[in-house]
Amino acid sequence: MNGFVAALKAEIYVALRSNSTRLLVLLPSLIVIARAIVVRLTETGQQAREALLGQEAEAVAGTNAWGHFVDSFSTGLTLLSLTLVAYAAWTFASDRDSGALRHVLIRRASRPALVLAKLSMVYLLALCALGLMTASIGTITALLWDFGPVVEDGYELIGSAEIRAEVGLGLRLALLPLPAALAFGLLVSVCAQSATQAVTSALGITVALDIFKGVLGERAYYLYATFQPSLIDQSYLQDVSRLVRGYSDVMIDNRVLQLNEWVPLPQMLLFVVLALLLVRGKKL
Amino acid sequence: MTYHNTAPLLVTELSKKYGDFEVLRKLSLEVTAGAVHGLVGLNGSGKTTTLECLLGMQSFDSGSIRVLGLPPDQLHRSRGGVVSIFDNPSLHPQLTVRQVLEHASLLCEQRVRTPAQVEALLGISKYSHFKIRHLSLGNRRRASIAQALLGSPALVLLDEPFNGLDAGGVDDMLALISTLNRDEGTAFLLSSHQLPYLEKICSHLSILHKGRIVVSDHVSRLFNSRVSRLLVSCDDVVRACAIVQDIPGVQIEDNSAPGLLTLQLEDVSPALINQRLVQKGIAVHELQRERASLTSLFHEITARDPVHDHLLDAGHDTSRTVVEADL
């Protein structure tokens with residue numbers, strides 16, 4: 001345990017002084033802020049154009065903040081998971097390339113303790129990036145739009161409490177696969193021969209999973225990546241985005257939601273156990 | 001944890017294969033407490049593989065390794081009792097020298113020096129705020145050594161410690177090893193090609209050749225047991241030859257130069273030669289003993305290798321580093 005704590009402290013020390021980790025934490029927030037501003041500018045332009053043409057602006061979906069809030073999360077989480085998977089793949093392999101890993105192993109930590117410290121560091125970074133991104137999204141959407149119930153022609157289609165509950169559920173389900181994705185990145189890092197190979201392999205496989213989950217049919221629900229916001233998004237957050245805009249044609253399959261809850265965790269544990277086993281025999 | 005009265009490093013019949021190629025063949029090695037032990041060998045003889053096995057960085061097929069009484073995969077339990085400095089400085093390139101040392105402090109359970117102190121000790125205080133990636137190889141190596149000196153290790157393993165160091169740097173390094181060895185009783189295992197430096201600093205030497213330790217002994221025993229050469233500058237070379245050729249263990253190697261006689265001595269003291277010549281009325285102006293060197297010993301052993309001979313014949317002089325080191 002002492003070895004793990006010492007290795008984690010050493011990881012945190014390096015991360016706090018590294019530009020790449022700062023960028024990793026800041027980048028998703030900057031992107032979602034930029035995205036929100038671009039969307040708002042486009043909307044304003046569209047409304048101005050419609051006003052000039054004498055048409056009535058589509059007020060309901062356009063001005064309610066919740067849809068943009070969810071879309072921003074969808075964008076941010078896609079970016080966050082890709083960058084963090086790349087970081088997880090890079091972290092162990094690059095330290096092995098530079099030899100920095102050896103000092104930790106000789107002086108203080110066992111191989112498994114070091115792998116767990118690396119993984120914990122990646123999770124801490126994910127938490128920091130997520131916290132900052134949540135604050136950024138909340139602030140920018142509140143500044144540019146109004147949070148409230150979805151009202152159409154004087155009727156409340158969906159109330160604030162219900163929206164908050166759906167958004168909460170959507171975010172929880174979208175975040176559950178993230179630890180598994182990061183553990184997968186670290187597993188690739190442990191297996192790879194170099195940092196370059198680790199990053200390209202981890203990103204390549206992640207994108208490949210994204211492509212193939214569409215053709216796997218029902219079997220895709222047994223894959224953590226299916227539930228993750230991604231470039232080809234099948235996550236529940238997509239449905240939430242439509243729900244909070246007042247669309248009533250959203251079909252929710254409770255079995256899929258249950259699989260979303262239960263599939264990622266065992267897969268994360270599997271990746272961690274594999275990484276711990278493989279690192280024992282690895283030449284470092 | 002104390003390590004007194006036990007060998008800090010004990011390797012028994014260590015074997016390791018890369019595919020079909022046997023890199024280490026039943027290698028046995030012991031580094032005794034307080035020793036400065038040199039490990040020399042040609043390129044590809046297995047030095048780095050040996051060190052990596054000792055440090056648990058790679059697995060081995062058979063044999064046993066105990067470093068401070070621990071198997072290699074448990075070295076972290078020595079809590080800084082063993083440190084290593086690698087050929088490649090192995091530091092985080094994005095950190096400054098001071099940050100690297102502070103980072104190493106976090107891993108050092110029993111710190112005896114502060115980062116500022118080790119910087120001063122290694123003469124790198126002025127580079128304290130330079131990033132590692134901006135330093136020369138020599139200064140990166142100094143920074144690597146500096147982080148190893150934060151604690152009080154019982155055993156230090158150094159892989160090619162003199163690479164990338166200028167003449168002053170080598171002297172500093174030799175002085176540092178001597179000081180730590182003398183004042184703190186730190187044992188060292190140095191793997192290097194730089195034979196003259198090893199000869200200066202090591203108390204024990206092992207020659208690794210084709211995966212085996214072919215010679216391993218205390219330096220004094222290693223060289224005293226061998227033939228040495230004596231250059232005698234005297235008045236009458238012809239008479240001197242007649243006198244010394246009757247002494248058992250003396251062979252005349254060359255008497256062609258005027259006033260200079262070259263002898264080969266086997267277990268004969270130069271003082272005896274001097275005494276005999278003076279007794280017979282021959283004025284001796286100078287005696288110069290050329291002891292067997294590590295370089296000559298190394299050449300002698302490696303030259304027996306048919307592979308090495310083949311490489312030399314083909315124009316690949318594998319002993320070139322030795323010659324360069326001599327220069």
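This is a predicted model: local features need pLDDT of at least 70, side-chain atom pairs count only at pLDDT 80 or more; totals for chains, interfaces and linings use all residues.
Strand β1 (residues 9-18) of chain B is joined to β4(B) by five bridges, and the two run antiparallel. Within β4(B), Ile65(B) is the residue opposite Val11(B).

Elsewhere in chain B, helix α5 (residues 167-184) includes Asn181(B). Asn181(B) has 18 other C-beta atoms within 10 Å and is therefore partly exposed. When residues up to four places away in sequence are not counted, Asn181(B) touches Gly34(B), Val36(B), Thr186(B) and Phe188(B). Of these contacts, Gly34(B) is 147 residues from Asn181(B) along the chain, yet their C-alpha atoms are separated by 6.4 Å.

The largest nonpolar core contains 158 residues. Its members that touch the most other members are Val122(A), Leu125(A), Leu182(A), Ala183(A) and Leu186(A). Helix α4 (residues 65-98) of chain A supplies the largest share of this core, 17 residues. Neighbours within four places in sequence aside, the contacts of Leu125(A) are Ala15(A), Thr21(A), Leu24(A), Val25(A), Leu84(A) and Tyr87(A). Another core, of nine residues, lies apart from the largest one and includes Leu230(B), Leu263(B), Ile273(B) and Leu277(B).

Between the two chains, 25 residues of chain B are in contact with 23 residues of chain A. On the side of chain B that touches chain A, β5 (82-85) and α2 (97-107) of chain B each contribute at least two residues. The most is given by α2(B), with five residues. By class, this side of chain B comprises 13 nonpolar and 12 polar residues, with no charged residues.

The mean pLDDT of chain A is 91, and 97% of the residues score at least 70. Confidence in chain A is lowest in helix α3 (residues 59-63), where the mean is 55. The highest value in chain A, 97, belongs to helix α8 (residues 177-191).

Methods. Residues are numbered from 1 along each chain as its sequence is written. Chains are lettered from A and ligands numbered from 1 in the order in which they are written. Two residues are in contact if their C-beta atoms, placed from the backbone, lie within 7 Å. Helices (H or I, at least four residues) and strands (E, at least two) are DSSP runs, numbered from the N terminus. Ala, Val, Leu, Ile, Met, Phe, Trp, Tyr, Cys and Pro count as nonpolar, Asp, Glu, Lys and Arg as charged, and the others, Gly among them, as polar. A nonpolar core is a set of buried Ala, Val, Leu, Ile, Met, Phe, Trp, Tyr and Cys residues joined through C-beta atoms within 7 Å. A residue is buried if 20 or more other C-beta atoms lie within 10 Å of its own, exposed if 12 or fewer, and partly exposed in between; C-beta atoms are placed from the backbone. pLDDT is the predictor's confidence in each residue, from 0 to 100. Two strands pair if DSSP finds at least two bridges between them.
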